[in-house]
Number of protein chains: 2
Amino acid sequence: MEFQMNTTVKFKHDAKLLKKAQQAKPQLQYKQLVPQRIVKIIPDQQELFGYRAVSQSQTITKLNQLSFGKGERVVLDLGDHQVGHFQIKINSVGSPMDAPLWLHVVFAELPAEIGTNHEPYHGELSSSWLAEEYLHLDVLPSLLKLPRRYACRYIMLEVMDTSPKWKAVFSEPLFTAESAVSSEQTLKLDSGDPLLDQIDRVSCKTLLDCMQEVFEDGPKRDRRLWLGDLRLQALANYATFDNQQLVKRCLYLFGGLTTEDGRISANIFTQKEPIPDDTFLYDYSLFFISTLADYFAHYHDMEVLQDLFPIAQRQLDQALQLVDQQGQVELDPKWPIFIDWSQEFDKATCAQAVTIYALKQFLELAQEMKIATDQYQATLDKLVNFATEKLYNQQRGLFVSGAKQEINIASQVWMALAHVLPPAENHALMETALKELFPITGIATPYMYHHVCAALFETRHSAAALDLIKDYWGGMLKYGADTFWEAFQPEKPAFSPYNSMAINSYCHAWSCTPAYLLRKYLKK
Amino acid sequence: MEFQMNTTVKFKHDAKLLKKAQQAKPQLQYKQLVPQRIVKIIPDQQELFGYRAVSQSQTITKLNQLSFGKGERVVLDLGDHQVGHFQIKINSVGSPMDAPLWLHVVFAELPAEIGTNHEPYHGELSSSWLAEEYLHLDVLPSLLKLPRRYACRYIMLEVMDTSPKWKAVFSEPLFTAESAVSSEQTLKLDSGDPLLDQIDRVSCKTLLDCMQEVFEDGPKRDRRLWLGDLRLQALANYATFDNQQLVKRCLYLFGGLTTEDGRISANIFTQKEPIPDDTFLYDYSLFFISTLADYFAHYHDMEVLQDLFPIAQRQLDQALQLVDQQGQVELDPKWPIFIDWSQEFDKATCAQAVTIYALKQFLELAQEMKIATDQYQATLDKLVNFATEKLYNQQRGLFVSGAKQEINIASQVWMALAHVLPPAENHALMETALKELFPITGIATPYMYHHVCAALFETRHSAAALDLIKDYWGGMLKYGADTFWEAFQPEKPAFSPYNSMAINSYCHAWSCTPAYLLRKYLKK
């Protein structure tokens, strides 16, 4: 996806809505963790990213008996992915400390981030996201308390320099993990299938690590409230931790920070004061309706609905301006649709389906709000009519997209989720898709894979959906995932959308949805 | 000089003396300074170290109108060498800040430290002394207040990375200079010779920047209280700032932190609790006597003398154990003598002279203390006798040193300073030295050059002494010195004793002595 820059756009700050967002801000829960072992990161071509962590003979309790001179390092393993703050005591042994300690600390979600740390960085995202610090300590002993938050499992302490007369000694490493929810709250799935149970457990941990003062997209990087991620996180949250306040807070943040003409940004920066980004995505805007509808369906919270319905309506109205006479959504290049990172497939039919999907949810909310919906109903009919008449290829039993009548998996999935066809035809649609378009290729996001699985479940292809969950999320587990990843393309598993594995996020909210899908559909 | 490691040595902590050191701790004086201009550091083969700072067209007051993206940098010039703390405001312009700011800050005494910063470091001292920081700022605007103290004139702010969507903006840079004394205290020399006046002014600034909570050797690196440097700084201080407390404090620190058998360390670490180093130098130990004698001569402070005389005596007694039957000092390899960094000349005769020098000062103090000195007087006679009979080559009119009867400048200088020969012969000694051993080569320290000048003044070769001051210290000025350097070898001016110009200290206490020499000898 290309960067958007709209630096002239003006935003409102709705004090009433932002106050409600503030009031719903969670008290973070802290858990103090001690690293479980000392490991060495070694090259291993058998590993997906070329590196492996192996236990060292020294136990972690004897860390303070080891000393480290220039160029020496130690890697601590927390035993699982965590999000939070790190501290460690540092002392010197030998002669008095006749030079500062120059220390390099690297925080890694995967061993390969440490293994490749000394290689030049060629990624497409800012290298400022690489989680590492270079520090000078003038006086030892010191308690080093790093002020920034990190997402990691492995922590490398590398002595850049001391002097020939003394070495550094580390002791009492402590990681304070933080989340809006507690791991004790996690519900076990108990599906009877150990692999599904493990996928669920890792999904829950992924969600937990992304639940901070907002639903973050990924705690390693960005750390932002993205609407597309929020929608899926909220669904997984209802099925697991069931934290109402955090969803409410995020809805109010988006609602309180629209542009002056009422448009919702694709994401909000939340590190200090919330700041809406100048990026706008067609589908993400419409998902404000979806997220509000899902929230209302779960909590029946009329106050939130009344506060935010006008904003939801504004998103829809804006989208519907792009619907032409025959009921076709004609995307504006300045307001692109996401669907998936890939730019390799045509997204016109997805846009049509997402509009129908959101419009249907809007109509449910409008009914609650008791407002007249005739016009919206008429537009829905037009949209559905165009989809079934012009986009559905009866002969193929699949939807086509764009001028070149392209057939791609995303179009089928979104049309299935939008329930454009009657149930039997919808079932047949995905059956045809399973026959003709599987195994899926060219898709690298768990976000899109989620929608494929959801479409299969929704069209009563549960066995295929479970197989796909086991293959796709199970595939990440095979490669050693502690939490589920931002990007994973089974046929090209080491793929990075940013041209660098080191900058990928390996705990990413939009990959946590098996916890939702399994709980919603498994028993059906 | 080789590193010494004596990690098993045990030190006393004399609470009474250390309390007096604590009571004499100065209240640092702070001065807030704004950088004077924006410069660019450009390669220039005409410059000693290959780089030059040139003014940029942007004035410093418009710094906040400039913005800096990935790889861009700005260099601020304080206008003079300073020691203290730095702060600056940082903001972003463009889209909201969608990645941390990764910032590199380099503090440089000379332009070439910035010019060569990206080259690999091959120096022999710890690279942890290179004054640079790598920082991640997650939230802007921020006021960046760096916690460490720096010695610098130039400050480079280099944006390692932002994102394509925004740039960094810097404003309100502020440097808070600190010293135990105020620059307003500085006395003007007014010698009638502009070059000597400039040398004096730069000497005073050098001393001021090294006068912190102790007399530091150099504020960029080490930052330690070295006895050899203290002796010279104290002399320059008496002639200029005349800060009694700081000398007293340093004497008490050395006196309070001897080994269990009473030996004085060559230096003390003073960043937190004072810690004596495990390095012992023959001449530096004896200079405790000299520094105490100089202090007493200036202030007639009986309390300090009574407290510290026994410790001074202990240093002498220890040294005199190395004097053999015929009156020759036989150095112990475990207790080396410094004299100068160079290991290229024989130092045996210097050891003999320094022992005589210190013993004479001890006898003056012993007289004040009213103790019997017959034995010390007898040893002095033996030492002097050996020097004149065995080390002085009457035919050459110079002193020889070691088994190979080496003739070097250091031997003549220290013998002259020890006044081993009667005045006329002492005058002739340095006259012969001037004829035969000048211009001096192979000496890289202002410390040794100080002693050469002092010996010339003491033997009534004032014109030659002034010429040498103008050549040597004036040489540094020609190369752009704002303060005088740790190392300068006129025939090899870019020489670094550590194999890297970047690690040399360019404001070093032992080079400040023209302020003392000119005030003491100029009018004679």
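Contact here means heavy atoms within 4.5 Å. The structure is a predicted model, in which local features need pLDDT of at least 70, side-chain atom pairs count only at pLDDT 80 or more, and totals for chains, interfaces and linings use all residues. Residues are numbered from 1 along each chain as its sequence is written, chains are lettered from A and ligands numbered from 1 in the order in which they are written, and side-chain values use heavy atoms, leaving out hydrogens and water.

Apart from neighbours within four places in sequence, A:Arg153 is in contact with A:Arg37, A:Leu76, A:Asp77, A:Leu78, A:Gly79, A:Asp80, A:His81, A:Ala108, A:Glu109 and A:Asp482. With a relative accessible area of 12%, A:Arg153 is buried (under 20% relative accessible area, with exposed over 50% and partly exposed in between, for a 1.4 Å probe and protein chains only).

Attention now turns to A:Pro497, which sits in the loop between H13 and H14 of chain A. A:Pro497 is buried too, at a relative accessible area of 19%. Leaving aside neighbours within four places in sequence, the residues in contact with A:Pro497 are A:Glu124, A:Trp341, A:Ala487 and A:Asn504. Between the C-alpha atoms of A:Pro497 and A:Glu486, eleven residues apart along the chain, the separation is 9.4 Å.

From H13(A), the residues A:Leu466, A:Ile469 and A:Trp473 touch A:Pro514, A:Leu517 and A:Leu518 of H14(A). By class, this contact has six nonpolar, no polar and no charged residues (Ala, Val, Leu, Ile, Met, Phe, Trp, Tyr, Cys and Pro count as nonpolar, Asp, Glu, Lys and Arg as charged, and the others, Gly among them, as polar).

Methods: Helices (H or I, at least four residues) and strands (E, at least two) are DSSP runs, numbered from the N terminus.
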